[in-house]
Amino acid sequence: MKNIQSIEFYTGSKEELLPGFASDFPYIASRAELDKYTGRYVPWHWHKTVELFYMESGSLEYDTPGGKLLFPAGSGGMVNSNVLHMTKAVSQTEKNIQLLHIFDVSLLAGEQGSRIEQKYITPVTTAPQIELLPFFPGNAAEDKILKLILEAFRFSEEEAGYEIKLREALSEIWLLLFELSLPLQEKKGKPDKSNDKIKLMMIFIHEHYREKISIPELAAAAYLSERECFRVFHDCLHTTPAEYIRAYRLQAACRMLAGGQTSVTDIGHTCGLGSSSYFGKVFREYAHCTPSEYRKKWQDCDR
């Protein structure tokens, strides 16, 4: 299991890049130390893979287009394929450790179009109403899933039959969560085209955040009217386009402050936040400290 303290993305996107993810066995296990992530949060992103997680310590808030859920230590969940989500540690002081199984469902389904895929995989991964399945202690079915998620981390790559044992464990978990999700599957939610539209606009922002971005330009990137642009941001990310652009620029500034010695003035200009006075003002509103104080805090953490 790999310890991780940051998240990587494909260039110009917010689709998560998964180092070490191999096509011949599409699975990785991670131990995310959220208290060491810059800002103690993971920004909005998505991935084709499914994410099964267990909270070892601390509490974590998950945001999806459907709302927010809080996961304390001892709980866990499943984030569905291609679902937009962000996470943040609830406490700014306590240790926050999340254990993750991240895998492509082909690991369980086998050949594309197989009976297993059609009966047990696709009904879950293509259900727009299934964004995030929570598992909390105290419910017998969910307790069993949590126990199996945790036990599956104990397999070692060095032991004989590791891949088969792990696939068997994940298959058992999947069957249990499939049964648990049946009431949601029966609701038959309609595919939401907003999901694709918001991703197009997010990608546009991530490629052009250093420049001035107008709402007409942003809407055009997803072939939308300005009115629809505002609606999609509200429905999917619960914010406005301007607020998301500013937040993304500030997140980029945070990464630069924590990771190098570029001057505060240059960072403000590089991230599209203008003069040092304006940058300092909006940064204090966002991070509750000055850019210099933020740099010192996060660079001292690495020592």
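Predicted model: local features only at pLDDT ≥ 70, side-chain atom pairs only at ≥ 80, totals over all residues.
Let me begin with a definition: strands here are DSSP runs of E, at least two residues long, numbered from the N terminus. In that scheme methionine 55 falls in strand E6, which covers residues 50–57.

Once the neighbours within four places in sequence are set aside, methionine 55 is in contact with Leu60, with the run Phe71, Pro72, Ala73, Gly74 and Ser75, and with Asn96, Ile97 and Gln98. For a residue well away from it, take glycine 161, which is 106 residues apart from methionine 55 along the chain, with 27 Å separating the two C-alpha atoms.

Now let me step back to the whole chain. The protein chain has twelve helices and twelve strands. What radius of gyration would a compact globule of 303 residues have, and what does this chain have? The expectation for the globule is near 19 Å, and the protein chain comes out at 20 Å, which agrees. Taken along the principal axes, the C-alpha atoms fill a box of roughly 60 × 50 × 35 Å.

Of the 303 residues, 48% are buried. If we look at contacts between residues at least 6 apart in sequence, 73% of them join residues at least 24 apart. The chain exposes about 15300 Å², and carbon and sulfur atoms supply 52% of that area. As for charge, there are 35 positive and 40 negative charges, and their mean positions lie 4 Å apart.

Phenylalanine 135 has a relative accessibility of 0% and so counts as buried. Its contacts, leaving aside neighbours within four places in sequence, include Leu52, Met78, Leu177 and Leu180, and also Glu142, Ile145, Leu146 and Ile149. Phe71 and Ser75 are also among the contacts of phenylalanine 135, and both of these residues are in contact with methionine 55 as well.

Alanine 127 is found between helix H2, residues 115–125, and strand E12, residues 132–135. Is alanine 127 buried or exposed? With a relative accessible area of 9%, alanine 127 is buried. Beyond its neighbours within four places, alanine 127 is in contact with Asn80 and Thr122. Alanine 127 and glutamine 185 are 58 residues apart in sequence, yet their C-alpha atoms are 6.6 Å apart in space.

Next, the backbone. Tyrosine 223 is not a glycine, but its phi is positive, at about 60°. Tyrosine 223 sits in the loop between helix H7, residues 215–221, and helix H8, residues 226–237, and with a relative accessible area of 70% it is exposed. Histidine 288 likewise has a positive phi, near 60°, in a residue other than glycine. Histidine 288 lies in the loop between helix H11, residues 276–287, and helix H12, residues 291–301, and its relative accessible area of 71% makes it exposed.

Helix H11 also holds tyrosine 278, which is partly exposed, with a relative accessible area of 40%. Not counting residues up to four places away in sequence, tyrosine 278 touches Arg246 and Leu273. Glycine 268 is ten residues from tyrosine 278 along the chain, and the two C-alpha atoms are separated by 8.5 Å.

Last, the cysteines. How many disulfides does the model contain? The count comes to zero. Cysteine 271 is in no disulfide either, the nearest cysteine sulfur being that of cysteine 254, at 9.0 Å. Cysteine 229 counts as buried at 0% relative accessibility, and cysteine 271 is likewise buried at 0%.

Terms used
Residues numbered from 1 in each chain as written. Heavy atoms only, no water. Helix = DSSP H or I, 4+ residues; strand = E, 2+ residues; numbered from the N terminus. Rg over C-alpha atoms; globule rule 2.2 N^0.38 Å. Buried < 20%, exposed > 50% of the residue type's maximum accessible area, 1.4 Å probe, protein only. Contact = heavy atoms within 4.5 Å. Areas by Shrake-Rupley, 256 points an atom, 1.4 Å probe, with all protein chains shown as cover. Lys, Arg positive; Asp, Glu negative; His and termini not counted. Charge placed at Lys NZ, Arg CZ, Asp CG, Glu CD. Disulfide = S-S within 2.5 Å.
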